[in-house]
Amino acid sequence: MSELIAIFFSMALVNNMVLGKFLGLCPFFGVSKKTSSAFSMGIAVLLVMLVASAVTWPLFHLLLVPYGFEFMRTVIFILVIASLVQIIEMSIKRTNMTLYNALGIYLPLITTNCAVLGITFINIDQQYGFAQSMVAALGAGVGFTLVLLIMSGIRERLDLADVPKVFKGAPVAFLIAGLLGLAFLAFGGMVG
Amino acid sequence: MSTTILAVILLSSIGLIAGIAIFVANRVLPKEDPSLEKANEIKERLPGADCGACGHPGCFAYAQAVAKSADVLEKSPCRILAKDEEASQALGEFLGIDLSNSGPGVKAVVHCTGDSPRIGTYNGVQSCAAAIQVGGGEKECPYACVGYGDCVDVCPVNAIGIDSEKGIAAVDWDLCIGCGMCVAVCPRGLIELIPADTPQYLGCNYLSSKDIAGRKKCSVGCIHCRICVRSSEQGEVEWNETKDLPQFSTVLAVDAIEKCPRKIILKTTAHLAETDAPPQERS
């Protein structure tokens with residue numbers, strides 16, 4: 001149990017997807033202008049990470065490993081995750097319009113997101129079991145949402161600040177991302 | 001060699017399985033909400049400006065609301081549609097209700113002629129809402145247009161511009177669709193929607209008649225002399241007691257415009273149709 005907790009916090013804070021592993025930078029800069037959309041995006045990524053881990057782990061260990069096809073994992077994972085997200089989006093759109101308006105519009109953006117693909121590879125490289133993989137995916141998703149929320153909060157306030165003209169927009173966002181990365185560096189060495 | 005072939009077979013079969021899964025999901029899952037289909041059709045008959053003036057986040061959201069209940073058309077009417085006779089008839093035909101009687105619609109006017117002296121220089125965020133937070137804005141008159149263009153930013157059809165000489169907003173009466181977005185953002189409440197067939201409006205929103213200092217704050221502020229009411233024999237102009245400002249009807253008040261000592265009764269282009277006068281420069 002304590003190992004699972006360690007994995008959770010390791011993935012959420014120490015090895016944070018965005019600031020520790022530099023994965024998923026695209027939504028990190030693209031969808032962090034408003035807190036509400038950042039939160040929806042974070043939850044959508046969390047959901048897809050969980051589903052992707054739940055599917056790719058058995059696929060890898062029950063199909064690819066026994067027949068010696070480990071080298072195919074990248075292309076097969078992309079294929080499987082993309083079609084999975086497609087089905088999830090379709091079912092949300094047809095069953096719950098409210099949920100679709102809140103989450104569904106972000107799902108196509110995540111289809112081939114590197115953070116989602118990254119967590120499935122991390123699960124395998126770290127030789128996690130199934131339960132550990134799921135906890136790792138949960139931690140990574142929570143960490144991603146957390147960083148997105150922090151970033152969007154800062155950027156919303158930044159709109160009211162008097163930023164020098166040359167730094168307006170993306171440059172200052174990059175600067176802040178760097179400072180946030182430095183701040184998250186302080187978590188290093190806490191757990192795993 | 002055999003590994004290569006097997007890899008190809010493996011990848012194609014996984015692709016095939018994924019494809020079949022999506023196909024099955026498409027068949028098994030319930031069809032899209034039937035109201036969405038209707039909403040899509042309604043959306044095609046809407047202006048598609050996504051101005052948000054109806055209170056919905058866009059034309060599609062409005063179409064969804066209309067598809068659920070046609071009452072929405074009355075409760076929060078689409079003001080662009082109200083001007084377009086053909087389009088509203090087409091929508092009315094589709095929904096099976098009469099929408100043709102929509103009236104002249106409304107357009108926006110800015111109740112300020114400018115010319116209030118500046119009492120300071122503001123260097124902060126270029127927005128009216130922020131500018132009035134600092135000592136009540138740059139201009140002496142507390143009702144003057146701030147001139148940083150919050151209304152310009154929200155106008156979906158670019159009908160408002162800032163007169164750089166006077167530093168006030170001006171509405172292009174022909175382009176204005178009367179959506180009311182500018183009315184909502186103006187921190188001074190200077191912009192008002194008036195019926196589109198009103199030939200004139202007051203270029204001032206100076207409120208308190210007892211505050212005689214208002215005359216000194218601006219060379220063109222309304223001094224509440226009521227000469228416009230007295231000079232209009234047919235009652236074209238009435239006095240609005242609550243606002244303490246003149247109220248105009250749809251008749252062109254020629255005498256009032258001439259006799260106004262401050263020359264702040266401004267003409268809209270709606271007067272052209274009534275008098276057949278040659279086009280005049282709009283102030």
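H8(A) and H9(A) cross each other in a right-handed way. Everything reported comes from a predicted model, with local features needing pLDDT of at least 70 and side-chain atom pairs counting only at pLDDT 80 or more, while totals for chains, interfaces and linings use all residues. Residues are numbered from 1 along each chain as its sequence is written, and chains are lettered from A and ligands numbered from 1 in the order in which they are written. As for the element labels, helices (H or I, at least four residues) and strands (E, at least two) are DSSP runs, numbered from the N terminus.

Back to that pair in chain A. H8 spans residues 130-158 and H9 spans residues 170-185; their axes come within 11 Å and cross at roughly 135°. That angle is what makes H8(A) oblique to H9(A). The axes are lines fitted to C-alpha atoms, for helices over the stretch in contact, and the angles run from 0 to 180 degrees between N-to-C directions. Under 35 degrees is called roughly parallel, over 145 roughly antiparallel, 65 to 115 roughly perpendicular, and the rest oblique. On the H8(A) side, Ile150(A), Met151(A), Ile154(A), Arg155(A) and Leu158(A) do the meeting, and on the H9(A) side it is Val172(A), Ala173(A), Ile176(A) and Leu180(A). Contact simply means that the C-beta atoms of two residues, placed from the backbone, lie within 7 Å. Sorted by class, this helix contact holds 8 nonpolar residues, no polar ones and 1 charged. The sorting puts Ala, Val, Leu, Ile, Met, Phe, Trp, Tyr, Cys and Pro under nonpolar, Asp, Glu, Lys and Arg under charged, and the others, Gly among them, under polar.

Phe77(A), Ile78(A) and Ile81(A) from H4(A) make the contact with Val116(A), Leu117(A) and Thr120(A) from H7(A). The class count reads 5 nonpolar, 1 polar and no charged residues.

Stepping back, chain A has 9 helices and 0 strands. Among the chain A contacts with a separation of 6 or more, 79% are between residues 24 or more positions apart. One residue worth a look is Gln127(A), in the loop between H7 and H8 of chain A. Gln127(A) has a positive phi, near 55°, despite not being a glycine, and is exposed, with 8 other C-beta atoms within 10 Å.

Where chains A and B touch, 16 residues come from chain A and 16 from chain B. On the chain A side, H4 (residues 73-95) gives the most, with 12 residues. That side of chain A splits into 10 nonpolar, 4 polar and 2 charged residues.

Chain B brings in strands. E2(B) (residues 160-163) and E3(B) (residues 168-171) pair in the antiparallel sense over 4 bridges, pairing being called when DSSP finds at least two bridges between two strands. Ile162(B) has Ala169(B) of E3(B) as its bridge partner. The two strands form a hairpin with 4 residues between them, and Gly167(B) in the turn has a positive phi of about 70°.

E6(B) (residues 237-240) and E7(B) (residues 245-248) also pair in the antiparallel sense, over 4 bridges. Asn240(B) sits opposite Leu245(B) of E7(B). This hairpin has 4 residues between its strands, and Asp244(B) takes a positive phi near 60°. Glu238(B), in strand E6 of chain B, is partly exposed, with 13 other C-beta atoms within 10 Å. Neighbours within four places in sequence aside, Glu238(B) is in contact with Val229(B) and Gln247(B). The C-alpha atoms of Glu238(B) and Arg226(B) are separated by 9.0 Å, with the residues 12 apart along the chain. Arg226(B) itself lies in the loop between H10 (213-217) and H11 (227-231) of chain B, and has a positive phi of about 65° although it is not a glycine.

Finally, H3(B) (residues 59-68) has 7 of its 10 residues buried, so it is largely enclosed by the rest of the structure. Among the buried ones are Tyr62(B), Gln64(B) and Val66(B).

Notes:
A crossing is left-handed if the near helix is turned anticlockwise from the far one by less than a right angle, and right-handed if clockwise. A residue is buried if 20 or more other C-beta atoms lie within 10 Å of its own, exposed if 12 or fewer, and partly exposed in between; C-beta atoms are placed from the backbone.
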